[in-house]
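Hi,

Here is the structure I promised to pass on. Have a look at it first, and then read my notes below.

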Amino acid sequence: MKLIMAVVQDQDSNRLMSALVENNFRATKLATTGGFLKSGNTTFMIGTEDVRVNKALQVIRDNCKSREQLMAPVSPMGGNADSYIPYPVEVSVGGATVFVLPIEQFHQF
Ligand code: 2BA
Ligand code: 2BA
């Protein structure tokens, strides 16, 4: 069994959850925050059999798309003004960042 952890954009999360359930995957959705943009994103935990990992990855790929996002300038607050960029910077956020981890044990009590 494997645990798939997928960080996706909030805009794709409802569609992805519906697609996972449609394809008979069990999943848990967590509200998370990206370290760089410091804004919300969604992390899915999907526990599934090894043979279904590729199908899960395909469902994720089909339902999440990359987008450009503006990063608001953050004032240096007494820090180094040399590195201050006074205008928003466009950042490309990927459709999904996915980790596949081995599961040592799986229990449901
Ligand atoms: P939910 O996905 O909201 O599922 C609640 C309960 O609905 C499940 O209880 C199960 O009894 C039933 N259920 C879910 N999917 C089903 C399906 N495709 N067909 C028939 N019945 C279904 P639990 O199995 O005790 O799971 C409780 C919660 O634990 C789940 O909430 C989910 O958030 C999480 N979970 C369970 N298995 C998971 C897995 N393999 N990966 C990730 N999260 C899991
Ligand atoms: P954030 O950390 O908010 O990052 C959003 C986007 O900003 C990233 O998109 C990337 O294009 C850019 N970015 C992040 N760190 C950067 C840096 N140090 N310099 C320049 N640009 C940077 P994605 O790579 O598609 O990542 C989307 C979200 O996925 C991330 O949100 C983070 O929550 C998660 N993520 C990505 N890689 C991760 C990793 N190795 N471990 C844990 N979470 C990760």
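Which atom of Ser92 lies 2.6 Å from an oxygen atom of ligand 2? It's a backbone N or O atom. Before I go on, please keep in mind that this is a predicted model.

A polar side-chain atom of Asn41 sits 2.9 Å from an oxygen atom of ligand 2, and an N or O atom in the side chain of Thr97 is 3.5 Å from an oxygen atom of the ligand. On its own, ligand 2 exposes 750 Å², and the protein buries 50% of that. Two elements, β5 and β6 (96-102), each give two or more residues to the shell, with β5 giving the most, three residues. By class, the shell around ligand 2 splits into six nonpolar and six polar residues, with no charged ones. Among the residues around the ligand are Val7, Phe36, Val91 and Phe99.

- Gly47: a backbone N or O atom is 2.9 Å from a nitrogen atom of ligand 1.
- Gln108: a polar side-chain atom is 3.0 Å from an oxygen atom of ligand 1.
- Asn24: a polar side-chain atom is 3.4 Å from a nitrogen atom of ligand 1.

Ligand 1 has 760 Å² of accessible area on its own, and the protein covers 44% of it.

Next, the largest pocket, which holds about 310 Å³ of space. It has 18 lining residues, and the closest to its centre are Gln9, Gly34, Leu37, Asn41 and Val93. β1 (2-8), α1 (10-22), β3 (40-48) and β5 (89-93) are the elements that give two or more residues to the lining. Six of the lining residues are nonpolar, 11 are polar and one is charged. Gly34, Leu37, Asn41 and Val93 also turn up around ligand 2.

Is Asp12 buried or exposed? Asp12 counts as buried, because its relative accessibility is 0%. The side chain of Asp12 makes a polar contact of 2.8 Å with the side chain of Arg67.

Cheers

Conventions: Residues numbered from 1 in each chain as written. Chains lettered and ligands numbered in written order. Predicted model: local features only at pLDDT ≥ 70, side-chain atom pairs only at ≥ 80, totals over all residues. Heavy atoms only, no water. 1 Å grid on protein atoms, 1.4 Å probe; cavity = no way out; pocket = protein on both sides within 12 Å on 5 of 7 lines; lining within 4 Å. Points joined across faces, edges and corners; volume = space filled by probe spheres on them. Helix = DSSP H or I, 4+ residues; strand = E, 2+ residues; numbered from the N terminus. Nonpolar A, V, L, I, M, F, W, Y, C, P; charged D, E, K, R; others polar. Polar contact = N/O pair within 3.5 Å; in protein donor to acceptor, adjacent residues only side chain to side chain. Areas by Shrake-Rupley, 256 points an atom, 1.4 Å probe, with all protein chains shown as cover. Buried < 20%, exposed > 50% of the residue type's maximum accessible area, 1.4 Å probe, protein only. Near = heavy atom within 4 Å.
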